[in-house]
Amino acid sequence: MSTVNILFAEMACSNCNNLYEQQVQFRFGELWQYSYKMGDRIKRGDEYYDIGKPGLPKVKALGCLVNNICPFCGFESPEDCDIIIEFDIIKDIQPLADLSKYTEENDYSYFINDDAD
């Protein structure tokens, strides 16, 4: 089992729109079970435990919800999402746009987002 970091993010249920805190696992930056929130800077460290190059303009990191069941209505959301990171700052979390962009080249953990979205 590989080490991950956790993003604590308030998200809206796609069924009932109620907001609740989610824990989202991801692999970008120094992997040391760090806890993050929106606006935090990704920690960097020893290259052995570090995924991705520092200072990239825009990256999408693959996020996986720890619990994808809404506590209000019981709706089961998709487990995977995109975590948007710009210059090592966590900016946003969005529904997964395209799983095929995560490739073996980057350990299936992130990709450099060159799209104009």
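**Salt bridges, core and confidence**

Reader: In what do the side chains of R44 and D50 meet?

Author: The side chains of R44 and D50 meet in a salt bridge, with an N to O distance of 2.4 Å. The term denotes a side-chain nitrogen of Lys or Arg within 4 Å of a carboxyl oxygen of Asp or Glu. This is a predicted model, in which local features need pLDDT of at least 70 and side-chain atom pairs count only at pLDDT 80 or more, while totals for chains, interfaces and linings use all residues. Residues are numbered from 1 along each chain as its sequence is written, and side-chain values use heavy atoms, with hydrogens and water left out.

Reader: And those two, buried or exposed?

Author: R44 is partly exposed, because its relative accessibility is 25%; D50 is buried, at 16%. Buried means under 20% relative accessible area, exposed means over 50%, and partly exposed lies in between (1.4 Å probe, protein chains only).

Reader: What does D88 form with R44?

Author: D88 forms a salt bridge with R44, and their closest N and O atoms are 3.0 Å apart. D88 sits in the loop between β7 and β8 and R44 in the loop between β4 and β5, so this pair ties together parts 44 residues apart in sequence. Strands are DSSP runs (E, at least two residues; helices would be H or I, at least four), numbered from the N terminus. D88 counts as buried, at 7% relative accessibility. Through shared partners, R44, D50 and D88 are joined into one network of salt bridges.

Reader: How many salt bridges does a search of the whole structure find?

Author: It finds four. One of them pairs D107 with R27, at 2.5 Å from N to O. D107 lies in the loop between β8 and β9 (110-112) and R27 in the loop between β2 and β3 (29-30), so the bridge ties together parts that are 80 residues apart in sequence. D107 is partly exposed at 37% relative accessible area, whereas R27 is buried at 17%.

Reader: Changing topic: which residues touch the most other members of the largest nonpolar core?

Author: They are L7 and I83, in a core of 20 residues. Such a core is a set of buried Ala, Val, Leu, Ile, Met, Phe, Trp, Tyr and Cys residues joined through side-chain atoms within 4.5 Å. Two or more residues each come from β1 (5-12), β2 (19-26), β6 (59-65), β7 (80-86) and β8 (89-95).

Reader: What does I83 touch?

Author: Its contacts (heavy atoms within 4.5 Å) include L7, V24, F26, V59 and I90, leaving aside residues up to four places away in sequence.

Reader: Which residues make the nonpolar surface patch?

Author: W32, Y48 and Y49 make a patch of about 420 Å². Patch residues have over 30% relative accessible area and no salt bridge; like charges are joined within 9 Å and nonpolar side chains (Val, Leu, Ile, Met, Phe, Trp, Tyr) within 5 Å. Areas come from the Shrake-Rupley method with a 1.4 Å probe; for residues, only the protein chains shown count as cover. Y49 is in the loop between β4 and β5 and is partly exposed, at 37%.

Reader: Lastly, where is confidence lowest, and where highest?

Author: Confidence is lowest in strand β5 (residues 50-51), with a mean of 92, and highest in strand β4 (residues 35-37), at 98. The chain averages a pLDDT (the predictor's confidence in each residue, from 0 to 100) of 93, and 97% of the residues score at least 70.
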